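Please work through the exercises below with the sequence and the structure at hand. Each task is followed by a solution in steps.

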Amino acid sequence: MTVVFQMEAPYRGAYELHRLSFGSGSPSVAIVAGLHGYELTGLHAVNMLATALQVQRPRGTVHLLPLVNTFGADEGRKRWPFDDQDINTAFPGDPSGTAVQRIAHALLEATDADICVDVHSGAPHVRELPHVRVPMGGDEVELGRSMGLPVVWRRPGDRLDATGLIGAWRQAGRKALMVEGGRGSSLDTTHSATIARGLGALLAFLKLVPTGSGPGTLADVTHNEVETHRAPCGGFFVPEVKVGQRVRAGHLLGYLQSPIGGDRLGEVRASRAGVVLSLRAYPMVHSQELLVRVAWTPT
Amino acid sequence: MSEIAPIISVEMPSGGQVDVVRRRFVGGGGPGPRVAVVAGIRGDTPEGIRVAHDLCTFLDAHEADLAGSVDVYPCANPLAAHRSTRRWPFFDVDLNRLFPGRSEGHPPGRVAWALTRDIEGADQVVELRGAHPAFREASQAHVRHRDSRAAELALGTNVAVVWARHPGPVASSTFAYQFPGTIVLEGGTGNRVTPGVGRDLLDGLLNLLCSLEILGEQDLPFHWAGLQRPLAVTDEEVVRVRASRGGLFLPEGGPWEAVEAGAVLGTVVDPVTGSACETVLSPVSGRLLAVREQPVVFPGSMVARVVTL
């Protein structure tokens, strides 16, 4: 383990950005988690991969940065706690700028690799089925598919803003993938294991490690093939499905009820067959908030 | 009396609602421009909300004399103001990064959308802010770089500085960016109302309405000759001074004090031992536009802004 960046911090020990590196030479892959302090499913997944790489000896270089926002993680917060800034809006960063700009700059330097992966969780109030987000075309689509994660989601212009890590990587000429799974402020070990398998499959696809296969893709969709259900009114959402569950047309996904008295205010049903990609976890919902996403499948 | 109407009502999950309100003053003095004044986009800026209310009080008494109309949105982010936090609660998003908003989706996005739509077509837009809670600031007006009309108008807003700013990387998602010509007025400190600052900004707003010929000069409760004559600066003349060490920053000097190049702006002390670990010096001669109020600093934290003369 190497400390690739250090910054003194008032009242406590210095901030340190840790990197675990395996192997040497090309191709090179960098995998980052914990850019948001409360997203811990990815942290666990990257550590699971690190355990595997200790015996696999990659033919090429793998850099793992399991937890960027250590101070945020200490407090269960998404952002850098001191000034409440999101590191993921501070790229490309500045070595003599504010704390998050310095961290962003150091992270971009520490992930100088051919292929980069940023692992996230959903917000604390939304549970996400592990999936990879890729652009609509290009090499990154094949790289994303090679992970064999439950859903491959092709999105136009996804995270191209260069103030975010994915955009900054792409602007630097690196292939960039975003993986998301689980939910913030919690740990789902099953999702961590799924993501770890997907990351291992990517390394196998690149011939960095001899074997590895993803958990299996259930849906490979564009943004037009993801059905989003929003709350028709405010209320208390009761889900009737779980993420990863296959549903058919007309399947009851959940219902809204009055928080006081429990009168049923509406139902949410799938319009087509698919797999539940995102599911509201915190039941108090405002009007038009996301309740369920279903990624369509052929059957 | 002004018309008070919600531009959007946000239904709360447990029942009840929160309204974002517009107060519309339509003058009896004939046709004229429409001005929109927006405050409280962030919940930790009560100074702007105070000025908006003071403006409404004045306009209520002078509505018959107005030529044109003034729409005042005293608080665009009422849930955050309710908690004195910068961001919209629960979603924890900065409303000033969501513009122009979305007609569908979470409430803050829809509030941004409703505000944008409601203001469209206004002849002049003014945003009232407070400073960031970590700083004390001199009164200032921000306009977009090379917007000479807005800069000219802002010179009459009774502030210390008119700052023509280049748009930053996130500018397109801010409120002010949606309406070219917007003048942003701010000063004081976040989550506080500062004696004098609110009065200065109110007088500046009234003089702006006079410049736009909505108010007559005879209606002003002061003589224009008593207003401040601002310094006009660009980004190149505003120098950010940063701490290079982490610790507690103990400032010397307050907003708009004159400083010489090499003057001591403050000291960073070790928070455990209290021993000095850095003396922060002004790199240029000028005046302090902002001074850090919240003392805890990391390496790279801004401790002051100095405007060169």
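The model is predicted: local features require pLDDT of at least 70, side-chain atom pairs count only at pLDDT 80 or more, and totals for chains, interfaces and linings use all residues. Residues are numbered from 1 along each chain as its sequence is written, while chains are lettered from A and ligands numbered from 1 in the order in which they are written.

**Exercise 1.** Describe the domains of chain B and the side of domain 1 of chain B that touches domain 2 of chain B.

Solution. 
- Step 1. Chain B comprises domain 1 (3-229) and domain 2 (236-308); such bounds come from an automatic or database domain assignment.
- Step 2. The C-alpha centres of these two domains of chain B are 30 Å apart.
- Step 3. Domain 1 of chain B brings 12 residues to the contact and domain 2 of chain B brings 11, where contact requires C-beta atoms, placed from the backbone, within 7 Å.
- Step 4. On the domain 1 side, strand 6 (135-144) and strand 7 (161-165) of chain B give two or more residues; strand 6 of chain B gives the most, with 5 residues. Strands (E, at least two residues) and helices (H or I, at least four) are DSSP runs numbered from the N terminus.
- Step 5. By class, this side has 8 nonpolar, 2 polar and 2 charged residues. Ala, Val, Leu, Ile, Met, Phe, Trp, Tyr, Cys and Pro count as nonpolar, Asp, Glu, Lys and Arg as charged, and the others, Gly among them, as polar.

**Exercise 2.** Determine how many residues of chain B are in contact with chain A, and which elements of chain B take part.

Solution. 
- Step 1. The contact joins 22 residues of chain B to 24 residues of chain A.
- Step 2. Helix 3 (107-119), strand 11 (247-251) and strand 16 (296-297) of chain B give two or more residues to the chain B side.
- Step 3. That side of chain B contains 11 nonpolar, 7 polar and 4 charged residues.

Notes:
Contact = placed C-beta atoms within 7 Å.
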